[in-house]
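Reader: I would like to see how the terms are applied here. Please set each value against its cut-off.

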Amino acid sequence: MLHWARAWTVPRGKVGASSPRCSAVPVAFSSSRSSGQGAEPRPLPLSYSLLDGEATLPAIVFLHGLFGSKTNFNSIAKAMVQRTGRRVLTVDARNHGDSPHNPDASYEAMSQDLQGLLPQLGLVPCVLVGHSMGGKTAMLLALQRPDVVERLVAVDISPVGTTPGSYLGSYIAAMKAADIPEKVPHSQARKLVDAQLSATVKDPAIRRFLLTNLVEVGGRFSWRVNLETLAQHLDKILTFPQQLESYSGPTLFLIGGNSRYVQPSHHSEIRRLFPQAQIQTVPNAGHWVHSDKPQDFMDAISSFLA
């Protein structure tokens with residue numbers, strides 16, 4: 001049976017467009033608009049990569065989705081530095097990538113993590129771009145702390161329940177059930193796990209995406225994503241915290257033309273919470289818009305920033 005890896009701290013490097021700063025830093029507690037949930041979660045030291053750019057322009061911050069990591073945006077982050085001249089930050093959410101594991105997988109907690117990190121990096125206010133789970137985190141942060149978000153991009157997600165995500169529980173179960181020998185080459189381990197996942201995860205592209213979480217620690221293969229916590233809190237991850245206040249800043253909902261995650265019935269809630277929202281569809285893109293149509297994705301964000 002595979003084990004779950006605890007995250008490690010990425011060493012700090014130089015800041016620059018070709019040599020990003022990668023680190024996990026201590027974060028200070030930051031207050032926010034109340035969501036009526038009682039005590040606010042304590043922020044975690046998130047792992048991030050920061051590409052340098054013009055400090056007078058709001059930085060672009062990319063937030064990945066469920067099972068993802070900051071590396072999902074590596075190519076796009078570099079390209080957006082070249083396109084816009086801005087600083088670009090990519091971040092591992094708690095329980096993902098190289099960030100710490102924690103039993104609290106709520107959007108309130110993920111928002112608090114960013115409320116600690118962004119000011120410490122001098123990136124307030126910023127342009128917040130979030131995909132799927134990251135899009136919900138971005139929306140909540142904008143609603144709680146509009147002073148932190150100069151403008152907002154939600155990628156193929158809306159501030160309502162995520163009905164198409166109901167299959168994700170079976171993905172987690174398949175990953176937890178994967179069984180491979182110890183001390184085999186990483187390429188062989190990937191092939192073995194891929195074959196086991198294929199019975200549940202039919203799409204080879206999605207399996208390749210999930211397998212980015214397979215890591216070797218001391219000759220044993222582990223999932224760096226915190227499957228236990230994600231399984232326990234999947235229902236909450238597929239919903240969105242109820243909010244009363246709106247975010248009045250510029251907002252773009254960027255939707256995959258072949259995706260079912262954002263429905264016309266969601267538009268009224270989008271307009272209530274984000275009265276300046278533009279809704280734009282990327283033709284022939286599925287849920288992973290940035291992966292399916294990277295040029296169209298970057299074009300849309302660049303136009304939104306112009």
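Reader: Which residues are linked in a network of salt bridges?

Author: Lys70, Asp92 and Asp98 are linked in this way. The model is predicted: local features need pLDDT of at least 70, side-chain atom pairs count only at pLDDT 80 or more, and totals for chains, interfaces and linings use all residues. Residues are numbered from 1 along each chain as its sequence is written, and side-chain values use heavy atoms, with hydrogens and water left out.

Reader: What makes the contact of arginine 145 with aspartate 147 a salt bridge?

Author: A salt bridge needs a side-chain nitrogen of Lys or Arg within 4 Å of a carboxyl oxygen of Asp or Glu. The N to O distance between arginine 145 and aspartate 147 is 2.9 Å, so the pair meets the definition.

Reader: Why is arginine 145 called buried?

Author: Buried means under 20% relative accessible area, exposed over 50%, and partly exposed in between (1.4 Å probe, protein chains only). Arginine 145 has 15% relative accessibility, and therefore counts as buried.

Reader: How do you know whether arginine 151 is buried or exposed?

Author: Arginine 151 has a relative accessible area of 16%, so it is buried. Its side chain meets that of glutamate 150 in a salt bridge at 3.2 Å, N to O. Glutamate 150 counts as partly exposed because its relative accessibility is 28%.
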